[in-house]
Amino acid sequence: MGFSMLSSCRLSPTISPPQTPKFGSSLSEGARFEMKMMFPGPIRANPPRVSKCKSESGDFVQRSSPNEVRKELERCFDLIHRLGRGVVYLGSARFLPNHSHYLQAQDLSREVAKLLDCTTWSGAGPGLMDAVTKGALEIGKPVGGIKIDKEAGEWTASKFHPYLPPQNYHTCRFFSARKHGLVDAVIRNSVSDRTAVIALPGGIGTLDEMFEILALIQLERIGSELPVPFLVMNYDSFYSKLFEFLDSCENRGTLSKGEINSLWRICNSNHEALTFLADFYDLSYGSVS
């Protein structure tokens, strides 16, 4: 993972000799007795010890991870340049193909790709990532993926995708490169770019990515000039408890009133999502079957 041993320096504290109290003749006999009890003998300072650093005797090991991350970022950017920006899907890698959320995600991906005529991006793993990949491929739209070495699911040990061509995805070792790549895939450089972030049901990894992107939108690092729609698919009220928590944050003052709702759009069905995207990009919803 590119970790390095940093030179550590163990400093021994230097103790300044305390000042011996001077007892004046004005002290009473009782006070003198108390002072003798506190300082029964002469106070001597420990001699200062010379500080030594391990780096003085050992060679510093240079970190290799910055260069590795940079190379992964360049590969991600090259992939996005070749395939084009589009809709980035976030979601669980654990749902099986017979799950209702899998089937809904597959349908949504197919219709969104048809509506926006753009590239479909995901983590290129199993579960809902597999569903959106299949949905877009069904109608012949381009699909790109930025994988991670370790995924929660059946393809944990493989850097390969079972059916995407190798030139359409990249496998990262570092989460930072993967996240940066997925964010770059939704940046709009012109009004003709049609992109979006669509958060499907998921767990820790999905929530991590959702709120990182949400924070970037909040801080206007994404969509400052050309807004990027952020949709949360609340299938079967999957995220309703999360929304209740965020309402509690508003009531307690850690979020401004209406702040979170201004950053994303909650959709309970694919129809709501498609209608919203059609309105956002001023497209005819009739083009969606």
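Start by selecting helix H2 (residues 65-83) and H5: their axes come within 9 Å and cross at roughly 25°. Axes here are lines fitted to C-alpha atoms, for helices over the stretch in contact, with angles running from 0 to 180 degrees between N-to-C directions. Helices are DSSP runs of H or I with at least four residues, numbered from the N terminus. That angle makes H2 roughly parallel to H5 (under 35 degrees counts as roughly parallel, over 145 as roughly antiparallel, 65 to 115 as roughly perpendicular and the rest as oblique). The crossing of H2 and H5 is right-handed, a word used if the near helix is turned clockwise from the far one by less than a right angle.

Before moving on, a note on what you have open: this is a predicted model, where local features need pLDDT of at least 70 and side-chain atom pairs count only at pLDDT 80 or more, while totals for chains, interfaces and linings use all residues. Residues are numbered from 1 along each chain as its sequence is written, and side-chain values use heavy atoms, with hydrogens and water left out.

Now show side chains where H2 and H5 cross, right-handed as noted. On H2, pick Val69, Glu72, Leu73, Cys76, Phe77 and Ile80; on H5, pick Ser176, Ala177, His180, Gly181 and Asp184. These make the contact, meaning heavy atoms within 4.5 Å. By class, the H2 and H5 contact has six nonpolar, three polar and two charged residues (Ala, Val, Leu, Ile, Met, Phe, Trp, Tyr, Cys and Pro count as nonpolar, Asp, Glu, Lys and Arg as charged, and the others, Gly among them, as polar).

How do H5 and H6 cross? Their axes come within 11 Å and cross at roughly 55°, so H5 is oblique to H6. H5 passes H6 in a right-handed crossing. Select Arg178, Lys179, Leu182 and Val183 in H5, which meet Asp208, Glu209, Glu212, Ile213 and Leu216 in H6. That contact has four nonpolar, no polar and five charged residues.

A cavity is a set of points on a 1 Å grid over the protein atoms alone where a 1.4 Å probe fits but cannot get out; a pocket is an open set with protein on both sides within 12 Å along at least five of seven lines, and lining residues have an atom within 4 Å of a point. Points are joined across faces, edges and corners, and a volume is the space filled by probe spheres set on them.

How many cavities of 30 Å³ or more does a search of the whole structure find? One, and the largest cavity holds about 50 Å³ of space. Its lining is Lys179, Leu182, Val183, Glu209, Glu212 and Ile213. Helix H5 (175-184) and helix H6 (204-218) are the elements that give two or more residues to this lining.

Now look for the second largest pocket, with a volume of about 190 Å³. Among the residues lining this pocket are Phe77, Ser176, His180, Arg221 and Ile222. H5 gives the most to the lining, with five residues.

Last stop: helix H3 (residues 100-116) and helix H8 (residues 270-280), whose axes come within 10 Å and cross at roughly 15°. That makes H3 roughly parallel to H8, and their crossing is right-handed.
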